[in-house]
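Please keep the sequence and the structure in view while reading.

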Amino acid sequence: MIIDFLFKKSKVMRKILVRIYARLEGGVFRSPTLRQLYRTYKNIDAGYGSYGWTSDLIDGPITIGKYTSIGKNLRRICVNHPLHYVTTHPCAFNPALGWVSKDPRVKSKLAIGNDVWIGDNVTILPSVTSIADGAVIAAGAVVSKDISPYEIVGGVPARFIKKRFSEDKIELLEKMAWWDLSEEQLKGMQKYFSDVDLFLETYGNSNKEGEIGVSARKS
């Protein structure tokens, strides 16, 4: 298809397509076309409601959950220069330099959960394989370790600061998985988003009891 050809042609064409389909399909976070293109050609599998994953600084393979916010200039590095080689120079692994026929390094896979907030100018190193649901990464951080659910981290290297909520609230939010509900359902719940206690009191057992139409969930 012409769209696929243009997407692969250059970074400039990708940026143009992002603008076009963001406008046509209600934003990057809603666009099924952009999600399909990035899944197919960039190995970036982004969930509904998430944005910021169209940057050329983000290397796949990577999966991103729903309603995740990615700030400007996120750099996700999927592979390092090998330290156990005689040399760390790219001549030993980069085919573009003509010494080897293919890159022998294995790219690490990264899974970013739902409702994650990644600030501007964050770097995620190849040693990171999981950033769990609800995590927050402060602007400018360099992440070298996996991040647990609802942790806030920051600094260089990124270190644990605190949890967003208590463990019992985190457990309820994880069980509820509100991000799997349809956008229309979530719009009806948004007036409670500013108060986690009231939100959990009102909807905490909804999924189990089917009170808010779990059957209408979107994948």
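Which are the buried residues of helix 6?

## Basis of the description

This is a predicted model, in which local features need pLDDT of at least 70 and side-chain atom pairs count only at pLDDT 80 or more, whereas totals for chains, interfaces and linings use all residues. Residues are numbered from 1 along each chain as its sequence is written, and side-chain values use heavy atoms, with hydrogens and water left out.

## Helix 6

The buried residues of helix 6 (residues 196–203) are Val196, Phe199, Leu200 and Tyr203, where buried means under 20% relative accessible area, calculated with a 1.4 Å probe on protein chains only. Helices (H or I, at least four residues) and strands (E, at least two) are DSSP runs, numbered from the N terminus.

At the N-terminal end, helix 6 is capped by Asp195, which has a side-chain oxygen 3.1 Å from the backbone nitrogen of Asp197.

Three strands form an open sheet in the order 4-7-10, with parallel pairing, two strands being paired if DSSP finds at least two bridges between them. Strand 4 (75–76) and strand 10 (142–143) are the edge strands, each pairing on one side only. Strand 7 (residues 123–124) pairs with strand 10 in the parallel sense over 2 bridges, and Ile124 stands opposite Val143 in strand 10.

## Nonpolar cores

A nonpolar core is a set of buried Ala, Val, Leu, Ile, Met, Phe, Trp, Tyr and Cys residues joined through side-chain atoms within 4.5 Å. The largest has 33 residues, of which Trp53, Ile118, Ile124, Ile131 and Ile137 touch the most other members. Among the elements that give two or more residues to this core are helix 1 (2–9), helix 3 (32–41) and strand 5 (110–112), while helix 2 provides the largest share, 4 residues. Apart from this core lies another, of 17 residues, among them Tyr48, Ala177, Leu186 and Phe199.

## Cysteines

With a disulfide defined as a pair of cysteine sulfur atoms within 2.5 Å, the count comes to 0 disulfides. The sulfur of Cys78 is 20 Å from the closest cysteine sulfur, in Cys91, and therefore too far for a bond. Cys78 is buried, with a relative accessible area of 4%, and Cys91 is buried, with a relative accessible area of 9%.

Conventions. Buried < 20%, exposed > 50% of the residue type's maximum accessible area, 1.4 Å probe, protein only. Polar contact = N/O pair within 3.5 Å; in protein donor to acceptor, adjacent residues only side chain to side chain.
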